[in-house]
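Reader: I am new to this structure and would like a close look at one part of it, taken slowly.

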Amino acid sequence: MAIKFILHKICAQSGARLGTLETAHGSFETPIFMPVGTQATVKTLTPAQVEAIGAKIILSNTYHLYLRPGHRLVEKSGGLHKFMQWPGSILTDSGGYQVFSLNDLRKISEEGVSFRSHIDGSKHFISPEKAIEIQQALGADIIMCFDECAPYPADRSYVLPSLERTLRWAKRCQDAHSNVERQALFGIIQGGMYHDLRARSAEKMIELDFPGYSVGGLSVGEPKPLMYEILESTVPLMPAYKPRYLMGVGSPDALVEGVLRGIDMFDCVLPTRVARNGLALTSFGKVVVRNNPYAEDFAPLEEGCDCYTCQKFSRAYLRHLIKAEEVLGLVLISIHNLRFLMRLMEKMRQAIREDRSLSFAKEVLAKLL
């Protein structure tokens, strides 16, 4: 098996789970947040900096790496781990979300998706088989089935045939996947905002017996209460002794709510994206560093934070860097934001160990919201 997942505990207060996931590039505890390295880099940070903040697994993007530098070049370099010099585990998404986000630039058929590159307008085609070919060449530890991510809102008349196609594509991905001893292929549950369609997708996807499952098609513009409602009806249908991954979710409140509902893995570009806009995540909500009140604020971004940024620099200095458009400001806030989420998940895991995940979550959410 390419991965080994051990479920150690389910919190007595909620559905929160404590587990260990092992890949060829190391093991880590779950629930876990995965920083996103879209183009074989977590933006503005070196691999050593990402490792120092406590990351054990990162996500890279199939669509972007296919377009440049090309999956065959990455394969020739020795695979994604060697290419980007990342020692830990890697998960690659299938590229489905990016392709389907192209809207007017793509056309869906039973065979796959024809699309034009957002970079130069060149024509491309990705089928389920092609998505697996690309991901096998990249060499990530965990890879994803090619799926269609339905938009929000979407009528039932759109979502039903979409999820049926995703199920057929999942079987094709499974048939095309040959590197089963080195790479774990996860299935993706779709179904939009319809509980019965989610249940159908989960049932049929589970019949294919993947080593792990993700919930896709959420955090696509729907209200958060609706996302939590879908999770509450979908997650209990997923196998208990396989990892559960919620795709594209990374705000602190959504991480906490997702863990309470039994999710093990999360990813999102949010912490580094908002950092590039000078916005820091803290236990008491967002801090817009460029704002005037921080001009003479010599306190760290967050008291008690153990990240390099908070140990060394003040809000006033960070504001100066952002106002002066110095790259170091983006680096330092990115370090803090990622470490903040790592610490949040560390604390959440400890709360699960001690059967107090619900009470801990209430404390966290009361400060954040």
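Reader: Is K130 buried, partly exposed or exposed, and what is its relative accessible area?

Author: This is a predicted model, in which local features need pLDDT of at least 70 and side-chain atom pairs count only at pLDDT 80 or more, while totals for chains, interfaces and linings use all residues. Residues are numbered from 1 along each chain as its sequence is written, and side-chain values use heavy atoms, with hydrogens and water left out.

K130 is partly exposed, with a relative accessible area of 22%, where buried means under 20%, exposed means over 50% and partly exposed lies in between, using a 1.4 Å probe and protein chains only. K130 forms a salt bridge with E133, their closest N and O atoms being 3.2 Å apart; the term stands for a side-chain nitrogen of Lys or Arg within 4 Å of a carboxyl oxygen of Asp or Glu. E133 is likewise partly exposed, at 28% relative accessibility, and both residues belong to helix α6 (residues 128-138), three residues apart, or about one turn of the helix. Helices here are DSSP runs of H or I with at least four residues, numbered from the N terminus.

The picture widens with R72 and E75, which join K130 and E133 in a network of salt bridges. The side chains of R72 and E75 meet at 2.7 Å, N to O, and these two residues lie in helix α3 (residues 71-77), again three residues apart. R72 is partly exposed at 41% relative accessible area, and E75 is partly exposed at 38%. For the model as a whole, the count comes to 24 salt bridges.
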